[in-house]
Amino acid sequence: MTLQVEVLRDLATRVLSEERLRHTLGVADWAEVLARRHGLDPLKARCAGLVHDLAKEIPLNSQLRYARRWNLLKYPEDEQSPYVLHGPVAAYWLEHYYGLDDAEIVAAVANHTLGRPGMGPLEMLIYSADLTEPDRDFPEVDFLRQSLYDNLEKGTLVCVKHTLKYLEQSKRPIHPLTQLTFDDLQRRQNIGIRSQNA
Ligand code: DGI
Ligand code: FE
Ligand code: FE
């Protein structure tokens with residue numbers, strides 16, 4: 001399947017509310033900028049941004065039903081906080097029903113909310129662009145944007161750290177994958193720093 005930005009944009013326009021579409025287009029634009037900056041494929045980044053939240057507005061009980069049917073429930077927390085399922089649900093639908101055969105985009109959509117240990121560059125890009133797109137407005141957002149622009153891996157670590165802090169402050173449960181993602185990125189960066197100094 002060739003990647004057609006216009007087709008995916010139309011899909012997002014048909015499926016999403018006006019507000020969610022605005023966010024989606026913001027993620028697609030910002031992901032493309034970051035992809036160019038870091039030598040990744042800008043077309044793939046835009047496409048992943050366009051489809052990352054396709055399942056977000058499906059009622060939660062239906063998301064849960066799809067997740068059960070498609071065997072996407074991996075942690076007890078998935079059922080306790082079902083709003084973390086829209087990435088895996090959209091990714092499964094795109095791959096198995098829509099025929100999207102780009103594994104990197106499918107993974108970036110699946111893991112855009114929680115991350116995972118061992119994320120690839122496009123997964124980091126979409127995770128982070130989602131949090132820092134132009135419409136997002138919170139005190140640290142410019143620092144997060146600059147960190148991402150300077151270094152994708154370090155910037156993503158800063159984004160996951162921000163999410164952990166936000167969840168702690170709002171007394172929401174931390175999903176094991178968020179913690180595992182943080183630990184993994186931190187470990188990868190420590191290895192990088194040690195090998196630079198070696
Ligand atoms: O779909 P978006 O709103 O664009 O963004 P998203 O896919 O990153 O989802 C954001 C929501 O996910 C937000 O309400 C916080 C929540 N979230 C992210 N990580 C965790 C989490 N919620 C819980 N309970 N635990 C997490 O680790
Ligand atoms: Fe999302
Ligand atoms: Fe989003």
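Predicted model: local features only at pLDDT ≥ 70, side-chain atom pairs only at ≥ 80, totals over all residues.

Colleague: What are the protein donors of the iron ion (ligand 3)?

Modeller: His-23 and His-52 each give NE2, while Asp-53 and Asp-130 give OD. These donors lie 2.2 Å from the iron ion (ligand 3).

Colleague: How are the donor residues spaced in sequence?

Modeller: The pattern for the iron ion (ligand 3) is H-x28-H-D-x76-D. His-23 sits in helix α2 (residues 18-37) and Asp-130 in helix α8 (residues 121-132), so the pair ties together parts 107 residues apart in sequence.

Colleague: And is Asp-130 buried or exposed?

Modeller: Asp-130 counts as buried, with 10% relative accessibility. The cut-off for buried is under 20% relative accessible area.

Colleague: Which residue bridges the iron ion (ligand 3) and the iron ion (ligand 2)?

Modeller: Asp-53 does. The two iron ions lie 3.5 Å apart.

Colleague: Switching to the fold. How many helices and strands are in the chain?

Modeller: The chain has 11 helices and zero strands. Its radius of gyration is 16 Å, close to the 16 Å that the globule rule gives for 198 residues, so the chain is as compact as a globular protein of that length.

Colleague: What does the C-alpha trace span along its principal axes?

Modeller: About 50 × 35 × 30 Å.

Colleague: And how much of the chain counts as buried?

Modeller: Of the 198 residues, 46%. The chain exposes about 10300 Å², and carbon and sulfur atoms supply 51% of that.

Colleague: What about contacts between residues 24 or more positions apart?

Modeller: They account for 62% of the chain's contacts with a separation of 6 or more.

Colleague: Now the inside. Which residues touch the most other members of the largest nonpolar core?

Modeller: That core has 52 residues. Val-51, Leu-54, Val-89, Ile-105, Val-109, Leu-122 and Leu-125 touch the most other members.

Colleague: Take Leu-125. What is Leu-125 in contact with, leaving aside neighbours within four places in sequence?

Modeller: Ala-31, Leu-34, Ala-35, Leu-40, Ala-45 and Leu-152. Ala-31, Leu-34 and Ala-35 fall within residues 18-37, the span of helix α2.

Colleague: Are Cys-47 and Cys-159 buried or exposed?

Modeller: Cys-47 is buried, with a relative accessible area of 0%. Cys-159 is buried too, also at 0%.

Note on methods:
Residues numbered from 1 in each chain as written. Chains lettered and ligands numbered in written order. Heavy atoms only, no water. Core = buried A, V, L, I, M, F, W, Y, C linked by side-chain atoms within 4.5 Å. Buried < 20%, exposed > 50% of the residue type's maximum accessible area, 1.4 Å probe, protein only. Contact = heavy atoms within 4.5 Å. Helix = DSSP H or I, 4+ residues; strand = E, 2+ residues; numbered from the N terminus. Rg over C-alpha atoms; globule rule 2.2 N^0.38 Å. Areas by Shrake-Rupley, 256 points an atom, 1.4 Å probe, with all protein chains shown as cover. Donors = N, O, S within 2.8 Å, 3.2 Å for Na, K, Ca; no water.
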